[in-house]
Amino acid sequence: RGDRHLADYYRDLVRGLEIDCGDGEPRLAPSAATASRADALLADRGVRPSTPLVGFAPGAAYGQAKQWPPERMAQVIAHLALDTPATSVIVGAPHDRDAGRAIESWLRAPAPAASSRVIDLVGRTTLDALVGVTARMAVFVSNDSGAMHVAAALGRPVVAIFGPTDERVTRPLGDHDVITQRVFCRPCLLRDCPIDHRCMKRISIDTVVSAVTRRLAAAAKPGSQDALKPGYTA
């Protein structure tokens with residue numbers, strides 16, 4: 001495939017069935033029922049409708065090599081708790097619970113105040129609930145994962161962290177921050193790093209914090225929350 005995005009590859013498969021699928025970016029929108037359930041889920045955890053939210057997807061189904069170290073995700077969350085009014089929401093599938101627990105464990109020791117500004121929904125949402133909750137995010141921080149693509153399709157600004165995989169092929173489509181580190185061995189596409197995971201460990205906390213806070217500031221400007229474009233309603 002070279003550096004061709006997988007979305008184009010899939011469109012060609014659909015066109016091979018003589019189905020017109022257009023060339024636009026994939027779009028999702030929560031149904032009224034989905035949005036209502038997500039609002040209730042967040043309200044049960046003390047989140048007010050006016051609270052800015054930053055989503056974190058610390059897992060990745062393909063392998064551990066795709067994961068930015070959870071303690072670094074935790075440090076980004078601690079920075080946000082100290083410097084912004086945002087509440088952080090951790091999401092993921094049941095197999096991402098170890099990453100979620102690692103984040104919460106790190107926060108309890110050096111940054112206990114930040115723990116009150118974190119909501120852990122890892123393994124606690126259905127797919128439609130994930131759509132509803134993610135639609136509420138001002139910014140979404142993610143490894144190269146399915147949740148990243150859900151957030152992008154919902155029109156949420158994504159800060160995407162790429163290590164062993166090729167961002168030219170699986171980056172989130174649209175206006176997003178794609179963060180990589182130039183090292184000789186990437187993209188290797190391996191599930192586990194055989195050396196020192198330098199492609200991920202050399203991505204600094206400050207780089208991610210800077211991208212998130214810039215996106216948060218943009219989202220706080222009047223009129224910045226654009227209406228979702230028409231798309232599949234979940």
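Here is a guided walk through this predicted model, from its cores out to its loops.

The largest nonpolar core has 35 residues. The residues with the most contacts inside this core are Val 54, Trp 68, Leu 107, Val 141, Val 208 and Val 212.

Setting aside its neighbours within four places in sequence, Val 54 is in contact with Leu 80, Ala 86, Thr 87, Ser 88, Val 89, Met 137, Val 139, Val 141, Val 212 and Leu 216.

Next, look at a pair of helices. Two packed helices are described by the angle and the distance between their axes. For helix 2 (residues 32-44) and helix 6 (residues 127-134), the axes come within 8 Å and cross at roughly 75°. On the side of helix 2, the contact is made by Thr 34, Arg 37, Ala 38, Leu 41 and Leu 42, while helix 6 brings Asp 128, Ala 129, Gly 132 and Val 133. By type, the residues of this contact divide into 5 nonpolar, 2 polar and 2 charged.

Stay with helix 6 for a moment. Of its 8 residues, 6 are buried, so helix 6 is largely enclosed by the rest of the structure. The buried residues are Ala 129, Leu 130, Val 131, Gly 132, Val 133 and Thr 134. Their cover includes strand 1 (28-29), helix 2, strand 3 (87-90), strand 5 and helix 7 (146-153).

Helix 7 is mostly covered too, with 6 of its 8 residues buried. In helix 7 the buried residues are Ala 147, Met 148, Val 150, Ala 151, Ala 152 and Ala 153. What covers them includes strand 1, strand 2, helix 6, strand 5, strand 6 and helix 8 (167-170). Just after helix 7 comes Gly 155, which takes a positive phi of about 80°.

Now turn to the charged residues. Side chains of opposite charge can pair when their charged atoms come close. Across the whole structure, a search finds 16 salt bridges. One of them joins Asp 39 and Arg 136, whose closest N and O atoms are 2.8 Å apart. This pair links distant parts of the chain, with Asp 39 in helix 2 and Arg 136 in the loop between helix 6 and strand 5, 97 residues apart. How exposed are the two partners? Asp 39 is partly exposed, with a relative accessible area of 38%, and Arg 136 also counts as partly exposed, at 23% relative accessibility.

Arg 101 pairs with Asp 98, and their closest N and O atoms are 3.4 Å apart. Both residues lie in helix 4, 3 residues apart, which is about one turn of the helix. An α-helix has 3.6 residues a turn, so residues three or four places apart point the same way. Both Arg 101 and Asp 98 are exposed.

In another salt bridge, the closest N and O atoms of Asp 166 and Arg 168 are 2.8 Å apart. Asp 166 counts as buried, at 10% relative accessibility, whereas Arg 168 is partly exposed, at 40%. Elsewhere, salt bridges that share partners join Arg 4, Asp 12, Arg 15 and Asp 23 into one network.

Finally, visit some details of the backbone. Most residues other than glycine have a negative phi, and most peptide bonds are trans. Where does this model depart from that pattern? The peptide bond from Arg 186 to Pro 187 is cis, with omega near 0°, and Pro 187 has its place in the loop between strand 7 (177-179) and helix 9. Leu 189 is found in the loop between strand 7 and helix 9 as well, and its phi is near 65°, a positive value in a residue other than glycine. Leu 189 counts as partly exposed, at 46% relative accessibility. Glu 18 has a positive phi of about 60° although it is not a glycine. Glu 18 lies in the loop between helix 1 (6-15) and strand 1, and is exposed, with a relative accessible area of 77%.

Terms used
Residues numbered from 1 in each chain as written. Predicted model: local features only at pLDDT ≥ 70, side-chain atom pairs only at ≥ 80, totals over all residues. Heavy atoms only, no water. Core = buried A, V, L, I, M, F, W, Y, C linked by side-chain atoms within 4.5 Å. Buried < 20%, exposed > 50% of the residue type's maximum accessible area, 1.4 Å probe, protein only. Contact = heavy atoms within 4.5 Å. Axes fitted to C-alpha atoms, helices over the stretch in contact; angles between N-to-C directions. Helix = DSSP H or I, 4+ residues; strand = E, 2+ residues; numbered from the N terminus. Nonpolar A, V, L, I, M, F, W, Y, C, P; charged D, E, K, R; others polar. Salt bridge = Lys/Arg side-chain N within 4 Å of Asp/Glu carboxyl O.
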